[in-house]
Amino acid sequence: MFNIFTKVYQISFAQNINMWIYYIKKLPLLGKRIPETLYKSTNAKTILANIIRVLTFIFGFIKKYLYMFLMVVLPAFCISKVTDINISDIKFHIFFFLSFIMGPFMNNKFTSDITKDFYMINLMRINAKKYYLSKMIFSYIEYFIYFVFPMMLLGCTFLQALVITLEFVAFRIIVQGFLLLVSSTKKKPIFTNGLYSILLILIPSIMAYGFHFFGITFKIKELLLYIPSIIVILVLAISSLYYLFKSNKYYLLSKIIISREDTNNINMLTSEATFNDVKLDEKKINSKNLKKDKYKDKIGMEYLNLKFLERHKKVLINPVKLRVYIIAILSLLAIIVTIFFSEFNNKISEFILSSSGILVFVLYCISIGEKTTRAFFFNCDNSLLRYKFYKEPKVILSNFKSRLKITLMLNSIPAVTLAIGMLLTLIFSRGDIIRFIPIFISIITLAGFFSIHYLFLYYIIQPYTSQLTIKSPVYKIASFIVYIVSYQCLQVRTKSILFTISIIIITIAYILIAITAIYKYAPKRFKLH
């Protein structure tokens, strides 16, 4: 079994290494220095592989810490503020329903990576039982290593974290044994049913986050550290592990789960999920509107993109309208409060004048820059990039210039609405209007930043593939960094004008650098993968 795991790991890791090399070669400046021979088994590739192994191990801890903080600790803090329930009880309650109940069922080793399973069992002819068991055992070891220290974020001592992590792993073993047992009684395993997946996400999530508002919070920590509970869980886990090793159902189960048709369906569903919100419904397009040509005076890429925008109103313009309506209503409510409850005016004006950090995250949330690039790719570039004329430098840059105008317009409308709403609120609350001017400017520059950022990543990295997937780790990392920085800005509450000016300078500098890089590198890098 260890040999099976080693082989699978080597194959998977080789694929990942080659993928990283491919995308590193796409980077400006650095990419040219990476030779094609690096794909071969060279000393340089061995060094790179070892670096990635170390980074993967470190990132494993980072992911678990982020999971604990974003999914458990932060929601628990917010809920405790609203309900006055002990935050420690809330944290363990949330963690139990997400990680002990939802996690083992949703991330079971029979369906966690069906495409990879198909390659290994059907194409590489690896023994199904040994393959699944190797996946299970080594994933359980990983869980135990990665979760012990993040578990201490819940307020555990190191010894308590060890015990609860052991129970956490034990639950996964129990559920895996249960799923193998029930799968033998049905022609189609229950865990391949779509409704099953929806319910397994919905019900535990409601129980994890919603029960507290009805006064229901279970004392999970006490239960998990109760000696009889520990004994029962470990006995069930040992029994399940024995069953998993003794069972001979793996081969038949693999034939049911990982047929080529099912694998293709899953890949298709994943692709559709990525682009589902930008998919155009042809049936709802008004044929009369198609006959009108409001842009007949335009030519080239500008004409193409304006027609694209007209055709995709529901995808791109309607979300902007919704944002504007929400911002306008909230601004109106704020103005009403300043008129009828003047005792709050000082607090309102202070909040507005110290909102530079919050506005970074707000502008991140209301931006549709990322959605716009997906719409451009899914409904336009995925087809046109197959033609030679569309990949000519002049066409690419003309296309970018036209799209930048459109994206800036779409992002600026809600941004300007927000800025005007805040300004009017400040006027009615009798705040310092002069001090608001830098904040007003920062809102506009942030709208520009989030417009150019995703276009920059799109034209330099082009993360989307012809199979409608996102396979660029650089794109994912860059997007994640922007999210984390934007989220961290929520914690900044300062009236300092220096912070606001810093935002303006950074955003303008980024915009200029991004535009320069696109004009220099996009003609070579913007292609279909």
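The protein chain comes out with 21 helices and zero strands, where helices (H or I, at least four residues) and strands (E, at least two) are DSSP runs numbered from the N terminus. This is a predicted model, so local features need pLDDT of at least 70 and side-chain atom pairs count only at pLDDT 80 or more, while totals for chains, interfaces and linings use all residues. Residues are numbered from 1 along each chain as its sequence is written, and side-chain values use heavy atoms, with hydrogens and water left out.

Of the 529 residues in the protein chain, 45% are buried (under 20% relative accessible area, with a 1.4 Å probe and protein chains only). Contacts (heavy atoms within 4.5 Å) with a separation of 6 or more come, for 80%, from residues 24 or more positions apart.

His93 sits in helix α3, which covers residues 87-106. His93 counts as buried because its relative accessible area is 0%. Setting aside neighbours within four places in sequence, His93 touches Met207, Ala208, Phe211, His212, Ile216, Thr217, Phe218 and Ile220.

As for helix packing, α13 (residues 300-311) and α14 (residues 313-340) pack at about 75 degrees, with axes 6 Å apart; axes are lines fitted to C-alpha atoms over the stretch in contact, and angles run from 0 to 180 degrees between N-to-C directions. The pair α13 and α14 is therefore roughly perpendicular (65 to 115 degrees). Phe308, Leu309, Glu310 and Arg311 of α13 meet Lys313, Leu316 and Ile317 of α14.

Terms used:
Buried means under 20% relative accessible area, exposed over 50%, partly exposed in between (1.4 Å probe, protein chains only). Angles under 35 degrees count as roughly parallel, over 145 as roughly antiparallel, 65 to 115 as roughly perpendicular and the rest as oblique.
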